[in-house]
Amino acid sequence: MNKTFFLETFGCQMNVVDSERICHLLAEIGYYRTEHVDNANLILLNTCSVRDKAERKVYGHLGSFKPLKSANPELIIGVGGCVAQQEGEQLLTNIPFLDLVFGTHNIHKLPAMVTAVEQDRVRCHETDFLDRETRLQLWPNRADISGGVTRFVTIMQGCDNFCSFCIVPHVRGREISRPSTEIIREIEGLAAQGVKEVTLIGQNVNSYGGKDETEISFAELLRKVALVEGIERLRFTTSHPKDLSDDLIATFSEIDTLCNHLHLPVQCGSSPILKRMNRGYTREDYLKKVAKLRQARPDIRLTSDIIVGFPGETKEDAAATLSLIEQVRYADLYLFQYSPRPGTAAAALVDDISKAVKQERFDRMLAMQRTISQEVWNADVGTTLPVLVEGHGRQKSGQLFGRTTWNRIVNFTGDDPLIGSVQPVRIIKSLKNSQLGELL
Ligand code: SAH
Ligand code: SF4
Ligand code: F3S
């Protein structure tokens, strides 16, 4: 009988891609994925520790598996990802029913770890960081995983920016860029399988190639990817504003297949706070880059991340963020209340903004953004937009979904053969996170 595993993924696109890899590796040792946690032989959580809330979610989920383990001592439970990297062996100590812990550089060891637990019921952990050469050697070419119209392609791992609030450099390690020749090879493979859209991903794709003098820049990489036949749409995330060069901005006027959306996290609208966040740009620098982007691509829509209540944030700082939101008019905004993360520079500062004040500032920013978002997305109603059809909608049979170049999900009625093609869809209604349309 086949063995099954249940896998839940938290956090960012890096973890989504890592989870795909985990599925692939487990299939090689005879484990198949199930959506039913109750009957699984193996339960894995691929975790995120970027905020206190994200980390607590992981502990909550783990707790809910305890009765399953009591009922079935053969059950194997494991934790991977950024909480695993952060906590390491301590997780095994804290959670007595946990069998294995694997860090962000050790996914390749998972099959051997699972086999060891099966055979000897050992409890194991692997959380060492690997050197650059080993990481590059272990980088999988994911063109062998089939399926889908849109795909993520990892072009870099880790981060060297050390924004003072951020745990990512501590749990993902130093930044490395993947050779551009391999990236292109993977994308050609994906195109041959019928993939139509790729999103190049990394913690800061803008600094791609930066450490390696023989490697091309990110803007040059985009130009090369744009030449791959069959790829009709191109996206990338995440962009650090300090590394958004004029050359990269120019690609928005040069490359037609580059989508009309950019996620450009600002974090805060006040320069003194940005300095303490170690972000490497001022409010004015950021606004200048936004203006240049809009010059290069007038109908570009921007989204962003903002941290509310960083240590020492004054009323004036919060007002500056609010005015930046008003000025930039983001299409969407992800707002987070600051939480100190272990090992980061900001963790040494007093988390002096009370929960109530964070909440109040958060609510005001959210209210302003809701109004702006509504205005931005309602402007699409009545217009006909090219939608790349990705698959079946979840709600009703006969429903398809796809995305506009602005990265908005559109649901509409249509037939299966349309999946994988770009279709003209008239937008009928804008909802909170998606739009309803009709096929022309
Ligand atoms: N690499 C990406 C962001 C990764 S983390 C970038 O550079 O933009 C995703 C978002 O989580 C960040 O943009 C930030 O807004 C938020 N975040 C990170 N650390 C946080 C903390 N300690 N408290 C609250 N929000 C945080
Ligand atoms: Fe974190 Fe800053 Fe790196 Fe983004 S760029 S992952 S916010 S340290
Ligand atoms: Fe979370 Fe790790 Fe991504 S901390 S945001 S899953 S890199």
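Strand 4 covers residues 76-80, and because five of its five residues are buried, it is largely enclosed by the rest of the structure. Strands (E, at least two residues) and helices (H or I, at least four) are DSSP runs numbered from the N terminus.

Before going on, please note that this is a predicted model, in which local features need pLDDT of at least 70 and side-chain atom pairs count only at pLDDT 80 or more, while totals for chains, interfaces and linings use all residues. Residues are numbered from 1 along each chain as its sequence is written, chains are lettered from A and ligands numbered from 1 in the order in which they are written, and side-chain values use heavy atoms, leaving out hydrogens and water.

Strand 4 has partners. Strand 3 (residues 42-47) pairs with strand 4 in the parallel sense over five bridges; pairing requires that DSSP finds at least two bridges. Here Leu 45 stands opposite Val 79. Strand 5 (residues 100-102) also pairs with strand 4 in the parallel sense, over three bridges, and Val 101 in strand 5 is the bridge partner of Val 79.

A search of the whole structure finds one cavity of 30 Å³ or more. On a 1 Å grid over the protein atoms alone, a cavity is a set of points where a 1.4 Å probe fits but cannot get out, and lining residues have an atom within 4 Å of a point. The largest cavity has a volume of about 360 Å³, a volume being the space filled by probe spheres set on the points, which are joined across faces, edges and corners. Its lining has 20 residues, of which Asp 18, Arg 21, Thr 104, Ile 107 and Gln 157 lie nearest the centre. Helix 1 gives the largest share of this lining, four residues.

Finally, visit Ser 430, which sits in strand 18 (residues 422-430). Ser 430 counts as buried because its relative accessibility is 16%. A polar atom of its side chain lies 2.8 Å from the backbone oxygen of Trp 377.

How values were computed: Buried < 20%, exposed > 50% of the residue type's maximum accessible area, 1.4 Å probe, protein only. Polar contact = N/O pair within 3.5 Å; in protein donor to acceptor, adjacent residues only side chain to side chain. 1 Å grid on protein atoms, 1.4 Å probe; cavity = no way out; pocket = protein on both sides within 12 Å on 5 of 7 lines; lining within 4 Å.
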